[in-house]
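Hi everyone, thanks for coming. Let me put today's structure up on the screen, and then we can walk through it together.

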Amino acid sequence: MKVLITRRIPENGINILKSKFEVILNKENRNLTHKEIKALSRDVFGIVSMVSDRIDQEIIENAKNLKIIANYGVGINNVDIEAATKKGILFTNTPDVLTQATAELGFALIISLARNITAADRFVREGKFVGFDPVLFLGKELYEKTIGIIGMGRIGSQIARMSRFGFNMRVIYYNRNRNPYDNLVDAERVELKELLKRSDVIVVSAPLNEKSKHMLSYDEFKLMKNDAIFVNIGRGEIVNTDALIDKAQKNPDFKVGLDVYENEPNFDKRLLNLKNCILLPHIGSATFKAREKMAEIVAENIVKVYEGECPDFAVNGGQLCNAKD
Ligand code: DGY
């Protein structure tokens with residue numbers, strides 16, 4: 001039996017899979033193309049896919065022996081779940097283990113933007129530091145400011161806790177449903193418009209789906225404060241990049257931190273010219289701890305399915321696992 005791993009993951013996961021399967025591992029420092037994934041998955045039992053791989057109906061129908069797609073990440077927008085479910089293929093993701101890592105990265109962006117960290121670092125490297133200056137790189141304190149969280153799931157909730165208990169911030173959030181634990185951080189669920197108007201800091205930590213695609217466009221950026229901090233650690237497609245660039249170009253005090261982009265990795269190169277912007281290469285979950293745990297989960301899930309068990313975090317498990325019971 002074969003398993004395809006579309007991009008090198010930590011060794012612990014590869015070793016678990018090697019003990020049971022013939023592993024086809026992409027050892028190159030690049031993502032596989034759609035065509036390559038299709039060809040390599042033709043007769044595999046399982047695929048370990050990256051959140052950047054498009055696993056669509058074409059790939060799913062071509063993979064005749066496929067029984068599980070184990071996505072290396074929490075996001076699920078890259079896989080055609082309906083097509084997989086129709087063919088009885090389980091689809092899993094890796095929530096929980098990356099929550100803290102991703103929330104911390106979100107906060108790293110917020111603090112860096114509030115205190116001009118990356119600009120100040122460049123300043124020193126360029127030899128411009130000539131002594132203490134009382135008005136050099138004045139930033140903002142987060143203490144008692146309002147943070148608006150768009151998407152109050154696991155990661156959003158963790159950011160809420162950090163904001164409330166670390167910085168005594170007022171937490172407001174926009175979410176389809178009320179978060180049952182929102183009282184623990186005194187968080188208030190509000191409409192999107194209200195969140196955009198009131199927030200000093202806005203964090204996007206929502207999943208991408210038909211409803212959230214381009215949820216933030218020109219009208220929404222207009223409502224945001226001109227000196228707000230805007231961070232996206234969810235998915236690039238939630239934001240209309242043209243509208244974001246327009247807001248940031250017109251308002252130098254509007255600060256932007258992005259870990260995700262529309263059309264990754266071919267992001268809009270105009271972002272590179274924005275001084276009020278920090279750009280990261282989709283590293284939300286990139287800690288040793290999270291990535292090793294994610295590797296373990298995807299590998300063990302494939303082994304579980306091979307041994308006839310229901311895997312953990314099966315997104316379509318309700319339909320497929322329960323149906324088997
Ligand atoms: C995920 O797991 O979906 C994240 O985007 C990784 O940072």
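**Overall fold and aromatic pairs**

In this protein, 60% of the contacts with a separation of 6 or more are between residues 24 or more positions apart. Please keep in mind that we are looking at a predicted model.

The protein has 12 helices and 12 strands. Its radius of gyration is 21 Å, close to the 20 Å from the globule rule for 325 residues, so the protein is as compact as a globular protein of that length. The C-alpha trace spans about 65 × 45 × 30 Å along the principal axes, and 49% of the 325 residues count as buried.

Now, the rings. How many aromatic pairs does the structure hold? There are nine. Take Phe107 and Phe167: their ring centres are 5.2 Å apart and the planes meet at 10°, so this pair is stacked. Phe107 sits in helix α5 and Phe167 in helix α7, 60 residues apart. Phe107 is buried at 5% relative accessibility, whereas Phe167, at 27%, is partly exposed.

Another stacked pair is Phe230 with Phe254, at 6.4 Å centre to centre and 25° between the planes. Phe230 belongs to strand β10 and Phe254 to the loop between α10 and β11, so the pair ties together parts 24 residues apart in sequence. Buried or exposed, Phe230? Buried, with a relative accessible area of 0%, and Phe254 is buried at 0% too.

Finally, ring pairs join Phe21, Phe45 and Tyr306 into a cluster.

Technical notes
Residues are numbered from 1 along each chain as its sequence is written. This is a predicted model: local features need pLDDT of at least 70, side-chain atom pairs count only at pLDDT 80 or more; totals for chains, interfaces and linings use all residues. Side-chain values use heavy atoms; hydrogens and water are left out. Helices (H or I, at least four residues) and strands (E, at least two) are DSSP runs, numbered from the N terminus. The radius of gyration is taken over C-alpha atoms; the globule rule is 2.2 Å times the number of residues to the power 0.38. Buried means under 20% relative accessible area, exposed over 50%, partly exposed in between (1.4 Å probe, protein chains only). Contact means heavy atoms within 4.5 Å. Rings of Phe, Tyr and Trp (its six-membered ring) pair if their centres lie within 6.5 Å; planes under 30 degrees apart count as stacked, over 60 as edge-to-face and the rest as tilted.
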